[in-house]
Amino acid sequence: MKILRCCKLNLMQWRINPKYPAVFAFLALYLWFQLHGYVNFCQDMGYPVRPWLFPLLPGTTVAFMPMYLAFVLLISDAPFLNRQQQFVLQRVGKRTWAAGQLLYLFLTCVIYTAALWLLSWVFLLPVLEWKDGWGPLLTTVATESLHDGYRMMALDYGCMQNVTPIAATAWVASVMVGISFLMGEIMILCNLWLKKGVGAVVVSAFTLLPLIIQILFYKSSISALLWISPLSWLNRSLMGHTNRNLPSYSYAVGVTVGLSALLGVVLIATIHRLNLETDKE
């Protein structure tokens, strides 16, 4: 119960701290900007679009980066040491408090992923068609260049191959929650062990790594970076091609779960040695 109360207190900050509504407002505006071209195209051509854009977003590396940097901003102050936390620490102890922070981090990852999934189709409601299968419009956009003034976000057809939309959505959603949780743990440990703000720099570097890989991927040696680029594992077009020395799906799941569990244990086991200074403002 103490762990749940610690988590609840952090969630209550969403009503007080303007950063949280600002992040979700940015995400909504950004998705609207990226998707309104699809609505215009569908209305002009008379074609509906199916609600399966979410698993294709990581394949649009340039467009996906701002979406994930918004999440980095959301957790940039992890482990969330506001003024209220000094009283919580005194009541529940450091280890229980740390466990509550991890639970809150996990819920934040789930909420952000769910928000991204919701926004990936809610702006398409005027032209949305709820059917299984990728549909002709998404397939056409992924295989042809349709930039006739519609500002349509380009898609990667490799993310659609050999997988159903539901399976792709389940994969991207679950792995995104796991990777985001792992990034949050790295944020917490860097901010606690090194200096506040270092975690945001490190996690931002991991966020930008897929873009660096995309720019330099023509060099075969750069493909090795995919093995240490967790966000690249969300891009299904880069996964499962073991014959090309690319990470497998089992590798992505195993590393994400294994590292998350290890860092969680390390945090709880070492939290009593750390000096937790709460914000004075």
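## A guided walk

Begin by selecting Ala 167, which you will find in helix α7, the helix that covers residues 165-193. Keep in mind throughout that the model on your screen is predicted.

Next, select Asn 162, which sits in the loop between α6 (135-143) and α7. Its relative accessible area is 83%, and Asn 162 is therefore exposed. Look also at the backbone here, for Asn 162 has a positive phi of about 60 degrees although it is not a glycine.

From there, go to the loop between α3 (61-74) and α4 (85-92), where Pro 79 has its place. Select Ala 78 together with Pro 79 and look at the peptide bond that leads from the one to the other, which is cis, with omega near 10 degrees. As background to these two backbone stops, most residues other than glycine have a negative phi, and most peptide bonds are trans.

The tour now turns to helices, starting with α1, which takes in residues 2-12. Which residues of helix α1 are buried? Select Cys 6, Cys 7 and Asn 10, for these are the buried ones. If you turn the view to look down the axis of α1, its buried residues fall within an arc of 95 degrees, so they line one face of the helix. Then select Arg 5 and Lys 8, which are exposed on the other side of α1.

For the last stop, show helix α2 (residues 19-45) together with helix α5 (residues 94-122), which pack at an angle of about 30 degrees with their axes 10 Å apart. Because angles under 35 degrees count as roughly parallel, α2 is roughly parallel to α5. The crossing in which α2 passes α5 is right-handed. To see the contact itself, select Tyr 20, Val 23, Phe 24, Leu 27, Ala 28, Leu 31 and Leu 35 on α2, and then Tyr 104, Ile 111, Tyr 112, Ala 115, Leu 116, Leu 119 and Ser 120 on α5. Colouring this selection by residue type will bring out that the residues of the contact comprise 13 nonpolar, one polar and no charged.

Notes: Residues numbered from 1 in each chain as written. Predicted model: local features only at pLDDT ≥ 70, side-chain atom pairs only at ≥ 80, totals over all residues. Heavy atoms only, no water. Axes fitted to C-alpha atoms, helices over the stretch in contact; angles between N-to-C directions. Helix = DSSP H or I, 4+ residues; strand = E, 2+ residues; numbered from the N terminus. Parallel < 35°, antiparallel > 145°, perpendicular 65-115°, else oblique. Left-handed = near helix turned anticlockwise from the far one by under 90°. Contact = heavy atoms within 4.5 Å. Nonpolar A, V, L, I, M, F, W, Y, C, P; charged D, E, K, R; others polar. Buried < 20%, exposed > 50% of the residue type's maximum accessible area, 1.4 Å probe, protein only. Arc of directions from axis to C-beta.
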